[in-house]
Amino acid sequence: MRTLLLLFSFLPFVVYADGANEALLKTLLENGAISVTQYETLREVDREKNESDAFGGLKLKTANGNSVHIGGRVEAHFAAYRDDRKDMGDGAILRRARFFIKGKVDDNWLYKLDYDLVDGGMKGLKDAYIGYRRENGVELYAGNYRVPFSLEFQANPHANTFMERALPFAFAPGWRVGGAARIPGENWLLEGGVFGDRPAKANSAADGEAVGVLRLSGRPVRSGKDFLHVGAAVLYGSLGDQSQLRYRSGPESRVSTVNLVDTGAISGASDYLQSGFEASITANRFNVQAEYIALDIQREPADLQFSGWYLNSSVFLTNDRRRYKSGRYIPVKPNQPLGRGGIGAWELAARLSAIDLSDGDIDGGKLKEVTLALNVYATQHVRFSGEYIYVLSGDDRPAAAQLRAEWVF
C-alpha cells in the first residue's frame, strides 16, 4: 500500500515529464484510483505538454500548479531570385527573433507575452494577453490576441509545412487588441471574439476599426491518428474613421520586399466581410491541406470582391507525420532525432496558391505560383528547409530559391 501511495504521489510529475496516456488515466479513474478532478487536471497537463513540447526554454512549475515557460525561436532566411521585370534583391535576413514568457497562476489563470525583435516597436508585439480556463475546458482571453481565422494562420510558423504562409495570407487579420473565447468539444472547436485595431495602428483622435470573428473547426472523420479536418470562419470589420484599406503580396518569400500585386490605397470603404473555408487530411506520412478566402468590401462608388486560395500536399520520407492538437497543427517531433542515432524527419512538399486583387476600378493584379520544398526536422528544436518558387501568372514572373535555418529554444 505504501508503494502504491508513493506511486500516485509522484504521478503528476511523471505525467508532466513524459506525457499522460489517455487509456491509463481512464483506467485509474474507473478503478477509483484518482478523482474526476485529478483526471481532468492530468489530461490538461498532458494537453499543455503536447502543445508546447516542440519548445525547449526554461520551464518551472510549483507544487501548487503555478508555472512559467520562457523560450523563443530564431529563423535565418536566404533567397536568390531569377528576376523578371523587377529587381527582387538576393540576400539573407533574420526572419524572426522571438522571445516569449507564458504560464499559469492560481490554477485557472493563463498569461503570455510574445515579442519579435525583428519587427521592433509595436509591430513586434504578438501575444500579450491574460486568459481564464474553466474546468469544462472553455477558455476566455483578453489582450493582444491572434484573431482566430484560417487553419494556416492559427498554426505556429514552426508547425507549418512551408517557410512562408500562402498568398491568401495577405488577408490575415493578424493580432489585435480585444477579447476572445475558445469552446472545445470532443471533435470540434468553436472560437470567436471581438477586436479593435492592431496596437501599431492605435490612435487617439479617430474611431478605430472593430472586428468580430467566428471560427468553427473539427475532425468529423477519425481513425486512430488519421483524420479529416474541416472548418469555416467568418469575419466582419467596421473601419470606423479609417476609410482606407490596402492589400498586397510578394511571392512566398520574405527576403525581398517587392510586391507583385498591390491594390494601393482603397478609399471610401466603410466595412468588409471575410469568409474562409479550410480542409485537411492527414493519413500516416501523407498530408493534404487547402483553404479558400473571399473578401467583400463595402464602399463608394462600388463594392469590391477579392479572393485567394491554396492547395498543398506533403509526404514524409521517414517514419514521421504532422501532428495536430486543438484545431491546429503543432510542430513535428521526429521519431529518430538527428544526432541520437537517427537522421531526423524528412518531408517533401508541393503547394499551388493564388490571389486575385483586381475588381471594378481596382487593378491590384492576379498572382499564381507553385512551390516545391524539402524539410529536414533534425530534432524537435532544429529545422532546415529548402524551397523553389516559380510564379506562374501575373505581369512579373520571377522565380526564387530559398533556404531556412530555424532554432527553437
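Biologist: In which loop is Asp 107 found?

Modeller: This is a predicted model, where local features need pLDDT of at least 70, side-chain atom pairs count only at pLDDT 80 or more, and totals for chains, interfaces and linings use all residues. Residues are numbered from 1 along each chain as its sequence is written, and side-chain values use heavy atoms, with hydrogens and water left out. Strands (E, at least two residues) and helices (H or I, at least four) are DSSP runs numbered from the N terminus. Asp 107 is found in the loop between strand E3 (91-105) and strand E4 (109-116).

Biologist: What phi does Asp 107 have?

Modeller: Most residues other than glycine have a negative phi. Asp 107 is not a glycine, yet its phi is positive, at about 70°.

Biologist: Which residue takes a positive phi in the hairpin of E13 and E14?

Modeller: Strands E13 (residues 269-283) and E14 (residues 286-299) run antiparallel and are joined by 14 bridges; two strands pair if DSSP finds at least two bridges between them. Within this pairing, Gln 274 stands opposite Leu 295 in E14. The hairpin has two residues between the strands, and the one with a positive phi, near 55°, is Asn 284.

Biologist: Is Asn 284 buried or exposed, or in between?

Modeller: Buried means under 20% relative accessible area, exposed over 50%, and partly exposed in between (1.4 Å probe, protein chains only). Asn 284 lies in the loop between E13 and E14. Because its relative accessible area is 43%, Asn 284 is partly exposed.

Biologist: How far is Gly 224 from Asn 284 in space, C-alpha to C-alpha?

Modeller: Gly 224 is found in the loop between strand E9 (210-223) and strand E10 (226-238). With a relative accessible area of 69%, Gly 224 is exposed. Gly 224 and Asn 284 are 60 residues apart in sequence, and their C-alpha atoms are separated by 9.7 Å.

Biologist: Which peptide bond is cis, with omega near 10°?

Modeller: E14 pairs with strand E15 (residues 304-316) through 12 bridges, again antiparallel, and Leu 311 in E15 is the bridge partner of Ala 290. The hairpin of E14 and E15 has four residues between the strands, and Pro 301 is found in that loop. Most peptide bonds are trans. The cis bond, with omega near 10°, runs from Glu 300 to Pro 301.

Biologist: Which elements give two or more residues to the lining of the largest cavity?

Modeller: A cavity is a set of points on a 1 Å grid over the protein atoms alone where a 1.4 Å probe fits but cannot get out, and its lining residues have an atom within 4 Å of a point. The whole structure has three cavities of 30 Å³ or more; volume is the space filled by probe spheres set on the points, which are joined across faces, edges and corners. About 80 Å³ lies in the largest, lined by residues including Phe 153, Arg 165, Ile 293 and Tyr 310. The elements asked for are helix H4 (151-154) and E14.

Biologist: What is the volume of the second largest cavity?

Modeller: Residues lining the second largest cavity include Glu 152, Phe 162, Gln 289 and Arg 322. Glu 152 is also among the residues that line the largest cavity. The volume of the second largest cavity is about 50 Å³.

How values were computed: 1 Å grid on protein atoms, 1.4 Å probe; cavity = no way out; pocket = protein on both sides within 12 Å on 5 of 7 lines; lining within 4 Å.
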